[in-house]
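Visitor: I have a structure open on my screen and I'd like to learn how to read it. Could you walk me through a few features?

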Amino acid sequence: MSRTPLDTVEHATATPDVELPWAELGLKKDEYERVVEILGRRPTGAELAMYSVMWSEHCSYKSSKVHLRQFGEKAPESDALLVGIGENAGVVDVGQGYAVTFKVESHNHPSYVEPYQGAATGVGGIVRDIIAMGARPVAVVDPLRFGAADHPDTKRVLPGVVAGIGGYGNCLGLPNIGGEVVFDACYQGNPLVNAGAIGVMRHEDIHLAKASGAGNKVILYGARTGGDGIGGASILASETFDDAKPSKRPAVQVGDPFQEKLLIECTLEAFAEKLVVGIQDLGAAGLSCATSELASNGSGGMRVTLDDVPLRDSTLSPEEILMSESQERMCAVVEPGKVDRFLEICDKWDVIATVIGEVTDGDRLEIFWHGEKIVDVDPRTVAHDGPVYERPYARPDWQDALQADDAGKLPRPASGEELKDQVLKLVSSPNQASKQWITQQYDHFVQGNTVLAQPEDSGMIRIDEETGLGVAIATDGNGRYAKLDPYHGAQLALAEAYRNVATTGAKPLAVSDCLNFGSPEDPAVMWQFAEAVRGLADGCRQLGTPVTGGNVSLYNQTGEAAIHPTPVVAVLGVIDDVARRTPVAFQEEGQLLYLLGDTREEFGGSAWSQVIHDHLGGLPPQVDLEREKLLAEILISASRDGMIDSAHDLSDGGLVQAVVESALLGGKGARLIVPDGLDAFTFLFSESAGRAIVAVPRSEELRFTDMCGARGLPATRVGVVDGDTVEVQGEFALTLTELREAHENTIPSLLA
Amino acid sequence: MTARIGVVTFPGSLDDRDTQRAIRVAGAEPVALWHKDKDLKQVDAVVLCGGFSYGDYLRAGAIARFSPVMDTLIDQAKTGLPVLGICNGFQILTEAHLLPGGMLGNDHLHFICRDQKLRVENADTAWTSDYTAGQEISIPLKNMDGRYVADRRTLDELEAEGRVAFRYVDVNPNGSLNDIAGVTNAAGNVVGLMPHPEHAVEPLIGTGRTDGLPFFTSILKKLVNA
């Protein structure tokens, strides 16, 4: 009952004129011609399937590669980096023999098509990347962006995405400790669902994705392969949405977190017994990716018998098996003598495991089906030698007008009453309101090591029970800033995440990023991308925090309208003893509030300009990375030496937003005094970077101000923790009850 | 001498290592038990921990209840082995009919994770003797299927016999009947609850309180003094 004669290598050689559906698989004409040139013949259907997914934008980074090189070229000297860009995830030394791996990835397009499964499998994919490095996953974070909060479709997308993240992550037993939720009309048809994960291991347990040692067996284990997610990477992730084309639902994968939980435990057990030579997870491009990457990173070739792949649907063609993105699968390379033990462990966890091939001493990746050779390629040409584009880019002609539309010219509140009114509007606006309705759908507590979780400035996890060693992670991004100035916008995202880590008392070590942009075929978008990458690479060099890896998501646009350029930056930090962490909440009445850093009249891209005036224009806040470093050092020292009891980074919404959050979380109010040289409005709403507000016990005041003075960091006393109102002296007062109602009711009333 | 307390790992158990830690923090010795193994390794008590055994794809706890380890556990629980079921463990105990009632999906249809206030209604069980009756505690709650239900007669019996061990205070987070957060069997050796005491045993971690620790010190004292 064969459909068509099997397209073997032999058959392809004999029938050079057969037309293959390269365009339907997402390849461009010149790309197809390159495949023919590489092979010296037309590809077989199976080879075409592999090249088409591996050369997709999503897998090959063909448009972004030339820019991303800067992360390597400009990388700062760092002793902390154990594994850098190019592996499944970067690995950082955090001391005491521990290594931490972390990464952020996008699952944007699938999450719009099918919010629950799209978001769920996003978590699943990033977690497998972490396991593939040899680490036990210990936490996840989820930076999310949706369309306007009151748009009807947001009510379809957001609850599905949140339930999907929770449904998958909770079932894996991973605490969700951080992330963001941002609303903006620009994400209406293109929500951004980024997922990050952290894993911990001992230095000696680091594993890499490579297949070496001729005769070693290739074992596929985990879920059976089905027809879901075929072409996910090439078709879904690498094209813009277009109403005219048929539904893309079949390209979205379906997740099974229970299977993944078993996969985690059985993989870690196999690692612990040192049974694994190389390992790769099956994510985008499925088996095509795993076999070609394992083979091309190793020393030899690989031979695979596709008939041995356990199937969910026995009618799948070899091309479909190679392209399937069925979730919860991994591929391990194991020495022949250890195969039995490996299979035994899989059996213990009820995980299906099958030897599907072996490493050869040649340099070809050969795949067989029904005894016939259907793939015979140099794996490097599939995995690494994809096309590289120098896409044209140009500063858009509207950029000047946008920057000239200065937010400083917007009408400002003229009285205390008006200030008060605008503060309430700000803290109750969807972007500034409490996200508790969302975050309480995620488990923060599982694993019993969570020290801080959202809404803290960074999530913090204890990794050693004896010493208290911990890691912190923060993710930040501000598409509005990046739209005004992508270079500095990217640096502001970096600075904010860096500052957030330091605010909790941890020392920032390394960076991962998720770069979400529109279509690279639009020179304006490509310029935004190039600028953001340049800004981020320059910023990382200056801060001394190398980029360890990340992800690029392009084509986030519907028709002509691209999203705001949205570089999301994750910063990982380390803290020697989590007992010294600094929380956001005010702890004790009478403690003195100090504003650290300089406050300028900076309102371009601010939350105030959005909430009060629906305005986006001007320039984002100035960036001073040397100041950020100094601020971070002060915050870390103050935390270590017990000089501050709470701290909050100042960013979107400015000082008033931070004070309201600290007050509500601590259940204690604050009396604020506008410092000399500032007007109340600028004091409350400016978004100048490089700032934080800290609560200092009176007994520590002198020591703290001496330290700031000696190091040259401006520290201004702006008030005291007190009472049950937030009062700005001479202007207005708001009770905590009023503020709580404003801050906490918005999201449930829009979405519940 | 200390007590040896078993923690069963089913496929999909999530809080097994946390529960072992809580047992250690209390001063007892945790013993890992495996679902396919009928042998309880002569432990003095057993905790069935939280998670999503078998993915909870059928009904929470419904498949785990038929694991080999449960055969032994059910027999021994009936003759006095102290057993604590937390969250999924509670669900498994109701499926195994060691505790009455059952759990449905939360009435608001969402997973919920929060710091939950409870009242300890019964401080005479094997797992609650270090509390005082009426004491209010806060420990994490996190589940999808936490709505306790039982028929009217069972509820009346539970209430009359003082077998409602824990009741939600301030907020009923899932629509549980009579605000029930946990129950005990008549003998007081088998206790189940939805919230997670094992996540509240160390200052700094989780909610930063240790309100859950008495579960583990209660059983330790009982076993050591026995």
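Guide: Let's begin with contacts: two residues are in contact if their C-beta atoms, placed from the backbone, lie within 7 Å. Keep in mind that this is a predicted model.

Visitor: Fine. Leaving aside neighbours within four places in sequence, which residues is Cys87(B) in contact with?

Guide: Gly50(B), Asn143(B), Met194(B) and His196(B), once neighbours within four places in sequence are left aside. Cys87(B) itself is in the loop between strand S4 (83–86) and helix H3 (88–95) of chain B.

Visitor: Is Cys87(B) buried or exposed?

Guide: Here the idea is to count neighbours: 20 or more other C-beta atoms within 10 Å make a residue buried. Cys87(B) has 30 of them, so it counts as buried.

Visitor: What does UniProt say about that spot?

Guide: The unreviewed UniProt entry places the feature "active site" at Cys87(B), His196(B) and Glu198(B). These residues span 112 residues in sequence, yet no two of their C-alpha atoms are more than 10.9 Å apart, so they gather at one spot.

Visitor: And where is Glu198(B)?

Guide: In the loop between strand S11 (190–193) and helix H5 (213–225) of chain B. Glu198(B) is buried, since 32 other C-beta atoms lie within 10 Å. Apart from neighbours within four places in sequence, its contacts include Gly448(A), along with Asp15(B), Asp18(B) and Thr19(B).

Visitor: That brings in chain A. How many residues of chain A are in contact with chain B?

Guide: On the chain A side there are 25, and they meet 24 residues of chain B. To read an interface, ask which elements supply it. Here, helix H8 (152–172), helix H10 (257–272) and strand S14 (450–452) of chain A each give two or more residues. H10(A) gives the most, with four residues. By class, the chain A side divides into 11 nonpolar, 10 polar and four charged residues.

Visitor: What surrounds them?

Guide: Glu105(A) lies in strand S3 (residues 98–106) of chain A, and Asn551(A) is in strand S18 (residues 547–553) of chain A. Glu105(A) counts as buried because it has 25 C-beta neighbours inside 10 Å. Asn551(A) counts as buried too, because it has 23. Not counting residues up to four places away in sequence, Glu105(A) touches Asn551(A) and Cys514(A), as well as Gly122(A), Gly125(A), Ile126(A), Asn194(A) and Ala195(A). With the neighbours within four places in sequence left aside, Asn551(A) is in contact with Val104(A), Glu105(A), Ser106(A) and Cys514(A).

Visitor: Now helix packing. At what angle do H19(A) and H22(A) pack?

Guide: For a helix pair, look at the axis angle and the axis distance. Helix H19 (residues 486–503) and helix H22 (residues 625–640) of chain A pack at about 15°, with axes 8 Å apart. That makes the pair roughly parallel, and their crossing is left-handed. Among the residues that meet are Ala495(A) and Tyr498(A) from H19(A), and Leu631(A) and Leu635(A) from H22(A). The contact has eight nonpolar, one polar and two charged residues.

Conventions. Residues are numbered from 1 along each chain as its sequence is written. Chains are lettered from A and ligands numbered from 1 in the order in which they are written. This is a predicted model: local features need pLDDT of at least 70, side-chain atom pairs count only at pLDDT 80 or more; totals for chains, interfaces and linings use all residues. Axes are lines fitted to C-alpha atoms, for helices over the stretch in contact, and angles run from 0 to 180 degrees between N-to-C directions. Angles under 35 degrees count as roughly parallel, over 145 as roughly antiparallel, 65 to 115 as roughly perpendicular and the rest as oblique. A crossing is left-handed if the near helix is turned anticlockwise from the far one by less than a right angle, and right-handed if clockwise. Ala, Val, Leu, Ile, Met, Phe, Trp, Tyr, Cys and Pro count as nonpolar, Asp, Glu, Lys and Arg as charged, and the others, Gly among them, as polar. A residue is buried if 20 or more other C-beta atoms lie within 10 Å of its own, exposed if 12 or fewer, and partly exposed in between; C-beta atoms are placed from the backbone. UniProt positions are given in the numbering used here, feature names are shortened, and annotations may be inferred rather than shown by experiment.
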